[in-house]
Amino acid sequence: MRPRSRSAFSWRLDPSVPTFDDSLWLVVMDGDCALCSATARRIARLDRDDRVRICRAQSRLGRALLAHFGLSPDDPESWVFIREGRAYGSLDAMIRLLPGLHRAYLPLRALSWLPSGLQDWLYARIARNRYHFGKTDLCAMPDPELRRRLLE
């Protein structure tokens, strides 16, 4: 599911969204999903320029941001990437995030040629089945590099 379109940095005017450093990239993801936890750890390893912060959807900030963009933290499809004041969701978020971290992910950009409906359908299949990869707590014993990036 894609976030409701809003003007850049619109959360700054929303009193329900706690203040955070929005000069950095932010990923809001399920903190209980093993697949999401593995993705967070991969982001921490790949982000050599220290541009990305990670927020659990279940945290106060995560819930507020998802609500601001018309998404639910309880919906498995709620995954948001925020960069330069704009929010992206679904497969579009992955296509924008991962190639920006490492050139090995550049081929993902080819998926941007797919119609957005097909991208959303593909992402929904992964999101709805994410617990088949297991459940874990993103914050349980994270390595120091991941812990430093977590926003609550």
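In β4, R86 is the bridge partner of R83. The strands β3 and β4 pair in the antiparallel sense over four bridges; two strands pair if DSSP finds at least two bridges between them. Strands (E, at least two residues) and helices (H or I, at least four) are DSSP runs, numbered from the N terminus. β3 and β4 form a hairpin with two residues between them. In the turn, E84 has a positive phi of about 50 degrees.

The model is predicted: local features need pLDDT of at least 70, side-chain atom pairs count only at pLDDT 80 or more, and totals for chains, interfaces and linings use all residues. Residues are numbered from 1 along each chain as its sequence is written, and side-chain values use heavy atoms, with hydrogens and water left out.

β1 (residues 25-29) pairs with β3 (residues 80-83) in the antiparallel sense over three bridges. Here V27 has F81 of β3 as its bridge partner.

Angles run from 0 to 180 degrees between N-to-C directions, and axes are lines fitted to C-alpha atoms, for helices over the stretch in contact.

α3 (residues 90-101) packs with α4 (residues 116-128) at an angle of about 90 degrees, their axes 6 Å apart. The two helices are therefore roughly perpendicular (65 to 115 degrees). S90, L91, D92 and I95 of α3 make the contact (heavy atoms within 4.5 Å) with Q119, D120, L122 and Y123 of α4.

The largest pocket has a volume of about 350 Å³. A pocket is an open set of points on a 1 Å grid over the protein atoms alone, where a 1.4 Å probe fits, with protein on both sides within 12 Å along at least five of seven lines; lining residues have an atom within 4 Å of a point. A volume is the space filled by probe spheres set on the points, which are joined across faces, edges and corners. The pocket is lined by 20 residues, with L35, T39, M94, Y123 and I126 nearest its centre.

How values were computed:
Parallel < 35°, antiparallel > 145°, perpendicular 65-115°, else oblique.
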